[in-house]
Amino acid sequence: GTEMNNLVLKPAKKLTEYYQNINADSTVKYWKVYAAANDSVNSIRTNQQIQMLTFEEEQRKRNIEAAQVTYQNKIRTGLLLAGLAVFSAVAIFLYRNNRQKQKANAVLQETLSNLKSTQSQLIQSEKMASLGELTAGIAHEIQNPLNFVNNFSEVNKELLAEMNAEIEKGNYDEVKEIAKDITDNEEKINHHGKRADTIVKGMLQHSRSSSGQKESTDINALADEYLRLAYHGLRAKDKSFNATMKTDYDETIGNINIIPQDIGRVILNLITNAFYVVDEKKKSGVINYEPTVSVSTMKVNSKVEIKVVDNGNGIPQKVLDKIFQPFFTTKPTGQGTGLGLSLSYDIVKAHSGELKVETREGEGTTFIVQIPIS
């Protein structure tokens, strides 16, 4: 632009001014040269301005693009940092949560251990409580066979004295008769001695912790044993107590595999409860009422069914849903732990069986124990 100004524009302008008053043609000629050169200069300037604007625009675009890239990088960095922060927060939360779960599990395990310990103590307490109730019945039941043993022992002593006298006389036929009587009496002594032994073993079984081992057991004998023990135990505590006992045992059952201490405890609890409710009904003054408790066994397909039936007042509907709950009892304070039916339910379930109840208010209740024959 500067070179064009020095070489063309200035001389053309000077020549135009010079010839302006001398030669019109030359004036026009040099004016045209000046005008063309000026246009060229202006064009160059315009191009330069356009190029400058274009350059500036390109530069602005590049700056915008760079700013956008920087901005996007900042966003990515921010998102990455935010993601890392969230991940860290989640990791810390999960770690703390895991620690809390571990602590909670440790506390839970300790609680379960304490509960199991408490449960076994409660079960043992319930056993000893029921054993206390049975003590009088056991004493009564043992007394019968012991009386037989004592009486036959006395008779045998007398028979032996007679036999010695007959030997002295030489009456050997009489001696043989006496010897036969002594032998018969000895068998009776042995029978009743074993009966007393059975009662004592049953008492020990009832008091000791369950071995957890199933044994081949005569369920009829077990039910009958506890029926008599419960009855005589209540009679010893309350002389006014009386009730009719009915039994119906299915002799085709034979022995079944059960834990005798545990099933015995279930039967005892049901029978004791039955005696309690019929006695309560009797004491309430119902006219022409005969308190009756029935115990029966029956083989039903692949199960043994044990029923304990009473003709008491039945169980009200509002109570019925609670009877198997631990510590629930309708007995007065101090007369029941509320664990009997709850433990009985657990024992029957442990034998893969069922404990069910049927009741009609004012008429009586039937408890049904069903145990698979295994």
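Helix α5 and helix α7 (residues 340-350) pack at an angle of about 145°, and their axes lie 9 Å apart; axes here are lines fitted to C-alpha atoms, for helices over the stretch in contact, and angles run from 0 to 180 degrees between N-to-C directions. Helices (H or I, at least four residues) are DSSP runs, numbered from the N terminus. The model is a predicted one, in which local features need pLDDT of at least 70 and side-chain atom pairs count only at pLDDT 80 or more, while totals for chains, interfaces and linings use all residues. Residues are numbered from 1 along each chain as its sequence is written, and side-chain values use heavy atoms, with hydrogens and water left out.

Where the two helices meet, Asp262, Ile263, Val266, Asn269, Leu270 and Asn273 of α5 touch Gly340, Leu341, Ser344, Ile347 and Val348 of α7, contact meaning heavy atoms within 4.5 Å.

Turning to α5 itself, its 24 residues should span 34 Å at 1.5 Å a residue, and this agrees with its end C-alpha atoms, which are 34 Å apart; the expected span is 1.5 Å times one less than the number of residues. Because 19 of these 24 residues are buried, α5 is largely enclosed by the rest of the structure, where buried means under 20% relative accessible area (1.4 Å probe, protein chains only).

Asp279 lies in α5, which covers residues 260-283, and Asp279 counts as buried because its relative accessibility is 12%. Leaving aside neighbours within four places in sequence, Asp279 is in contact with Asp238 and Phe241. Just after α5, Gly285 takes a positive phi of about 90°.

Note on methods
Buried < 20%, exposed > 50% of the residue type's maximum accessible area, 1.4 Å probe, protein only.
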